[in-house]
Amino acid sequence: MSGVRVLVGTRKGAFILTADGKREKWDVSGPHFTGWEIYHMKGSPVDPNRLFASQTSGWFGQIIQRSDDGGKTWTTPGSEPAPPGAMPKGESNKFVYDASPETGKPLTTHQWYDGTQRPWEFKRVWHLEPSLTDPDTVYAGVEDAALFRSTDGGKSWHELSGLRGHGTGPKWQPGAGGMCLHTIVLDPSNPQRIFIAISAAGAFRTDDGGKTWRPINKGLYSKYIPEPTAEVGHCVHRIAMHRSRPGVLFMQKHWDVMRTDNAGDSWQKISGNLPTDFGFVIDVHAHEPETIYVVPIKSDSEHFPLDGKLRVYRSRTGGNEWEPLTKGLPQSNCYVNVLRDAMAVDSLDSCGVYFGTTGGQVYASANAGETWAPIVRDLPAVLSVEVQTLP
Amino acid sequence: MIRVVLPPHLRTLARVSGDVELQIEGAITQRSILDALEARYPMLCGTIRDHVTQQRRPFLRFFACEGDLSHESPDAPVPDAVASGAEPFFIIGAIAGG
């Protein structure tokens, strides 16, 4: 019987939850990397036992971990001891912006919270996106916002500097969580096309494998920036795509849920009857490309569910018409948040939907959202949730 | 033999328990200690000092013989007691909650 593996990153370590296809009984492995912030973990679509993890610390910086056995054991790629006289390799956590004249872009500045300009400074990896075709290739979205790629299984990283240096960088600014590149969406039909999103700069697209980029924010309206329809400066929280329709993207913005049907050339608001359209997560049903999920959050200053009721909202019409999904979720005194990388779906039939909260619960629905149950409920604050559907 | 005491998170990362002992030829300085440490435990590269600038990470300090060596030159000799192995070289994370 097929099964699922849920990869959970938290403020104090990583957890791996596994179940068979019924998704009723769960085994919990962890904590892995105890005491470290695990911003994100994700498995290779090509080799599901190859997992990548972003392990970070304000004291010790960035670590990249890799497992080749589904999370049983982990290594920092390329960290074998150096032979006598040789310099150590240990570069799996070396994220250096490419300012070289040959391949890079000058290390320019971005806007700080107070409007002054500051140079880019690497802080951490927010998101890891393994290639759809090569188990050794993985992309990393980092803070301060930039996109890196490894083609050797995470041993070394090189910036795709055309994004950071494409020209609008001085107008980018950090959101409350920092100036992070948090979303990487690979187009399964076109290996040259990648979508990314940055808080607070907006969404960007490359059509040449990452060499050149352009903002794709037409139609976004952000009343909290001086020019609400500006080309850049929007605080995009998350973008989701269904594999069967790579030109259709769904976006949870700071406020507003949005949709594009032309790969980001223009966006339309689809918040419809949502009780509040602030939020962080958004995802698409594995088998129904017009079925999408969000978790509305009260406001940008009150990061918890409206009225203390944790409700997932589902639209089966690609937006605008939303229904609350509440069975099994706390409907009183619930004041957790659901962060941007903390929702995922499996591809079993019926589709499983998963999300984690800052209160340490991971909720799962094995029936596309009809009913929910916590599969763990007392973890550290959950930063990310990814799901692998196993053969 | 030089003895180095790592903070708990770095001991876990390097998969060591207790003090680390390093054999170092030539002058014993902060730089030569960290070079030897990173050569033996490459997963520690970048966690104590920056990959490029080689600057100490801001939330870490170096202590030995009840003294703060954090702001000494990385190429200055460490105290004789550290060089002889009588006293360890401490790498300590700032106490900052969490």
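Two strands count as paired if DSSP finds at least two bridges between them, and strands themselves (E, at least two residues), like helices (H or I, at least four), are DSSP runs numbered from the N terminus. This is a predicted model, in which local features need pLDDT of at least 70, side-chain atom pairs count only at pLDDT 80 or more, and totals for chains, interfaces and linings use all residues. Residues are numbered from 1 along each chain as its sequence is written, while chains are lettered from A and ligands numbered from 1 in the order in which they are written.

**View 1. A three-strand sheet in chain A.** Here β4, β5 and β6 of chain A line up in that order as an open sheet with antiparallel pairing. At the edges sit β4 (37–43) and β6 (61–67), each pairing on one side only. From one strand to the next, the twist averages 15 degrees (axes are lines fitted to C-alpha atoms, for helices over the stretch in contact, and angles run from 0 to 180 degrees between N-to-C directions). Look for β5 (residues 51–57) of chain A, joined to β6(A) by 7 bridges. Leu51(A) has Ser67(A) in β6(A) as its bridge partner.

**View 2. A four-strand sheet in chain A.** This open sheet runs β21-β22-β23-β24, again with antiparallel pairing. β21 (278–284) and β24 (323–325) of chain A each have a single partner strand, so one side of each is left without a neighbour in the sheet. Direction ignored, neighbouring strands are turned by 30 degrees against each other on average.

**View 3. Where chain B meets chain A.** The contact takes 18 residues from chain B and 20 from chain A; residues touch like this if their C-beta atoms, placed from the backbone, lie within 7 Å. On chain B's side, α1 (8–14) and α2 (30–40) are the elements giving two or more residues. That side has 10 nonpolar, 5 polar and 3 charged residues (nonpolar: Ala, Val, Leu, Ile, Met, Phe, Trp, Tyr, Cys and Pro; charged: Asp, Glu, Lys and Arg; polar: the others, Gly among them).

**View 4. Helix α2 of chain B.** Among the buried residues of α2(B) are Ile33(B), Leu34(B) and Leu37(B), buried meaning 20 or more other C-beta atoms within 10 Å of a residue's own, all placed from the backbone. Their cover includes β1 (2–5), β2 (20–22), β3 (60–64) and β5 (89–93) of chain B.

Note on methods. Contact = placed C-beta atoms within 7 Å. Buried ≥ 20, exposed ≤ 12 C-beta atoms within 10 Å, placed from the backbone.
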